[in-house]
Each structure stands twice: as structure tokens, then as C-alpha cells.
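Open the model in your viewer and keep the selection panel at hand. The stops below go from a surface patch to the ligand and then to pairs of charged side chains.

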Amino acid sequence: MTSPVPPAPTPDPGLPQADGSEAPLSLTLLQEKAERYQVMFSTASEGILVHSLDGKALEVNEAFARMHGYTQAEMLAMNLRELNVPGGFRTHPERIARILAGEALTFEVEHVHKDGHTIAMEVLVSLVSGGDMPVLLAFHRDISQRRQDEAEKAELQAQLLHAQKMESLGSLAGGVAHDMNNVLGAILGLASIHMETQPPGSPVYRAFGTIIQASERGGTMLKSLLRFARQSPAECLELNLNALIHEEVRLLERTTLSRVRLVRELTPDLRPMLGDANALSHAIMNLCVNAVDAMPENGTLTLRTRNLGTDWVEVEVEDTGTGMPKEVLAKALDPFFTTKEVGKGTGLGLSIVYSTVKSHQGQMQLKSEPGQGTRISLRFPACHAAAPLPAQPESGAEPTTRRPLRVLLVDDDELVQSSVQMMLQALGHEVAVSTSGEEALGWLVDRAAPDLVILDLNMPGLSGANTLVRLRAQHPKLPVLLSTGRADQVALDLAEAHPHVSLLPKPFTMKVLRQQLGQFQVG
Ligand code: ADP
Ligand code: MG
């Protein structure tokens, strides 16, 4: 069987044939072909360049010239090496050798546009003709936008990663703080009950005093841990950064400043801001300590404040110290990152500064180069009107008459149950204990309402918040003390939203408990 012979392909005019000969061409066909190539060359969206090895442009198309901001004539007159980023030009002998051997190579380069900005490009280069004067053909595609998109994506990913890290550290810190608060609450509670039974000045009295002090110090540490975890709101008062800096300077002058020159450039009419003075002082102090650490011999520490337009205020801490290499700068905000020797650095300084700035809706910027010192700027929203002070219920004057109370204590933690129960009993009150929200609600259905409920906010099962809502449905006016280790927004909102509800921050002493209960004992 014979298969049908396919028709011989019409030879492409001008293309070499299998036998090495060229198909015959008429002059018109040749002209048409040349014109077709000319149109392709000049209308191509990619920049096409034909050049010699020494950088002389032999032909450039319109797109290539436009990409660089020149005319085609200008480009043909210049040496292409002028397009290279200053100092960035390198010959790549290995690359050139491969191209001359006939390989087509793709790589990325950076060129300088006529107006000075840098263009990132992807280039495909191949050999047109070899010999003594090789000629190369290069296709250029502008990838500046793609690069920028990639950089933005990488930046976002880094931010996300940082946020996730802070988040998990935050929940870890929050969890530890919650449990530690209960432990400290029990120690503090029992120590304060028994201290009162001892003659003042006796060794046992003093020992209890020390236990109380130690637990209170632990409580303060937990508060800063929670602040770091951003689970505790910044106190929100109107303040002036200049005033904070004056305080800092007094401290610094007394400690480290013999070898460091201190310069203050404070804008006198600096706008006030809303925030937590303690946390902000702590942040500025952290920056100053780092600055002083970076200037072991001597140097200048500059503290600067300024208004940025009408909406922002800025504080800047600048030193003339060692500065940071890129790798250090990239990690400086990470919790536990330190370059200092063991015992000197914790690596928490800048990460706490960062979370303080974030909790104040601010921004933070670090500029640093090795040998050039470091400048860190913190920006915060300025406030315009004088802000109202947050209403802090002050315990009023001592009540004249006191009556014992019937208290329902709702807490899932055994340590809290027994210590608070003992404290309440020592104060002469009658206590019933429920170990969960569900149990407390059941208890309230079956019995006459107590005078007061002390309700833990963080409980498994029915949470304190949900218990409160149901309890309110049964007893609209029953006073409730919400006891919580984190005075977070949830707790504040609950206290705000419900009448007859106030906060009892954990851990607390007998004294605090007595004061808090005083308001319910009148009459
Ligand atoms: P720590 O001070 O405990 O090391 P920080 O979070 O405050 O932790 O700082 C992290 C790291 O950032 C430091 O170990 C140091 O390498 C670098 N750093 C911070 N501030 C400066 C500064 N002003 N100059 C030079 N390096 C700094
Ligand atoms: Mg530090």
C-alpha cells in the first residue's frame, strides 16, 4: 500500500532549504519581507537592540528607546554602557562566552533611565553573527512593576510573620499572666489576712509585709507582661511628650551621661497626645538605653520632638553610636533578638517599644547604618481637644455603718476560691462559692439573692461575660464585682454597659477588698 504523498511545502521565501540552497526570491517578495520585518521590529512591545560586544548600538527599536527615555537617534549615538547603573557595570566573561558559543541566555539587569531612575529589565540575548566583530541581539522587557510588586509582597509577608509572632507570644504571655495572677492572689490574700492578726512590728508581721510586697511586685511585672502582650489597654490620658522627655533626662543624667553628650531639640508648642505615660516613658527609656549601649566610648544622644502637620507628633531618639548592619536592623524588633552578651540584653526592648507604639495607633521607623549611628522615630496621633479623663470610680469616704454581706463567689480556680473565701470571712461576710457560671445561675434560681456577686471573667464553659448577661436577666440590680487579671477592653466595656458592675483587678489585698466592699455595706 502506498500512502498519499503530501504536497511539497511551499518554501518560505528566503529561508535556507534542506539542501543548503535558498529559495529563489523575486525583488518584490524581498521588499515585502523586509518591510514586514521592519514593521515587526518597530512595533514590537519589547525593546529590541542589536549591538556589538563593546557596547555600540547598531539598531534599536522604538520600544527600547522609549523604555529609557531617549530617542532612537540618541541611543544610536551613545555607548550602551552609559545605561548601566553607576558602579553596577560588570562584564560577565562566562555569560559572554556562552552567548558567543551560540547559547541564548536570559538574565536580569538594571539600567538607568534618562531621567535618572532605575529600570529593572529581563533580557534575552543571543548571537546574530560571530567572527571578529560579533553582533548580539537582545530583547528587553521592563520588569520594574513586577519587582516592586514582589518587594511589596515580601514586605507584607514579613509584617504578617511579625504580627503572628507577636500574637502567639501575646497569647502565651496572657495565659501565663492569668494563671500567675491567681497564684499571686492566693498568696497576697492569705498574707494580708494573717498580717492583720499580728502585732505591728513583730517579726511575723514584717514577714507577711515582705510577702505582700513581693506579690505586689509580681503583680506589676504581670501588668507589663500583659501590656507587652497588648492584652491590657494603654491608659488613655492627655499628655505631652516633652514632659516625659524632661523626666527621662533627669534619670539619664544621674546614671550614664558622663560619657554621653545629651542634646534636646524639643518643639515648645508640641501638640498633646492621648496615651499611657508609663508605657511611653518606658518606650523612650528603652530607646535611650540602646543608644547609650551603642556608644561605649562617647557620643551624642539627641532627643527630638516635633509636630508633623496638625495630626501627628513625633519623638526621635538619635545616637552617634555603632549603628546596625542590615541583618541586625531586619531583626531588631523581634522579641528576644539581641546582639548583646548574655546577662546584658534580653532582646525585649525594641519589641516592647513596637507594641507600645502599635497600641497607641502610632508608627515606628528605624534608620541605621554601621558606623553612622541610629535614628528611631515614633509617631503618634496628636490630639486636639482636651480629652476627658477616664472615669475611675474612687472609693468614697469610709462608710459610717457597716453590715456583713452575703457574697456569692464565682471562680473556677481552687486557689482563688479558698483564699478569697477566707478573706471575705475574715472581713465578717458570709460566703457561698460556685465553681462555674452555670452553677452560679442555678444557685441563684434556688435561693434568695445575695448582696453581691464576685464573678471571675475568665472561666471555662459559660464565661464571666455570658454569666453576667444571664444573671442580669434574673436580677437586674444585683451588684457584681468582675474580678479579672486583664483589665482589657472586654472587661471595661462590660463594666460600662451594665449598671451596678465594677471591676476588681486581680491580685488584690485585704485592704483593697475591704475598700471595694465598703460601698455595698452602707445602710
Ligand atoms: P537588647 O537591648 O536587650 O539587646 P533590644 O530589643 O532593645 O534588645 O535591641 C535589639 C538589638 O538591636 C540590640 O541587641 C542591638 O543589636 C540592636 N540595637 C538596638 N538599638 C540600637 C542602637 N541604638 N544602636 C545600635 N544597635 C541597636
Ligand atoms: Mg535594649
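Select helix α5, residues 144-195, which gives the most to the nonpolar patch, with 5 residues. Helices (H or I, at least four residues) and strands (E, at least two) are DSSP runs, numbered from the N terminus. This is a predicted model, in which local features need pLDDT of at least 70 and side-chain atom pairs count only at pLDDT 80 or more, while totals for chains, interfaces and linings use all residues. Residues are numbered from 1 along each chain as its sequence is written, chains are lettered from A and ligands numbered from 1 in the order in which they are written, and side-chain values use heavy atoms, with hydrogens and water left out.

Staying on helix α5, pick Val176. Val176 has a relative accessible area of 41% and is therefore partly exposed (buried is under 20%, exposed over 50%, partly exposed in between; 1.4 Å probe, protein chains only).

Next, show ligand 1. Which residues are closest? Of the 19 that surround ligand 1, they are Asn290, Thr338, Thr339, Lys340 and Gly347 (a residue counts if one of its heavy atoms lies within 4 Å). The shell has 7 nonpolar, 10 polar and 2 charged residues; Ala, Val, Leu, Ile, Met, Phe, Trp, Tyr, Cys and Pro count as nonpolar, Asp, Glu, Lys and Arg as charged, and the others, Gly among them, as polar.

Draw two distances from the ligand. A nitrogen atom of ligand 1 is 2.8 Å from an N or O atom in the Asp319 side chain, and an oxygen atom of ligand 1 is 2.7 Å from an N or O atom in the side chain of Lys340. Helices α8 (277-293) and α10 (349-359) are the elements that give two or more residues to this shell.

Lys340 is in the loop between α9 (326-331) and α10, and Asp293 is in helix α8, 47 residues apart. Lys340 is partly exposed at 30% relative accessibility, as is Asp293 at 38%.

Last, select Glu108 and Arg146, whose side chains form a salt bridge at 3.8 Å, N to O. Glu108 is in strand β3 and Arg146 in helix α5, so the pair ties together parts 38 residues apart in sequence. The structure holds 20 salt bridges.

Technical notes
Polar contact = N/O pair within 3.5 Å; in protein donor to acceptor, adjacent residues only side chain to side chain. Salt bridge = Lys/Arg side-chain N within 4 Å of Asp/Glu carboxyl O.
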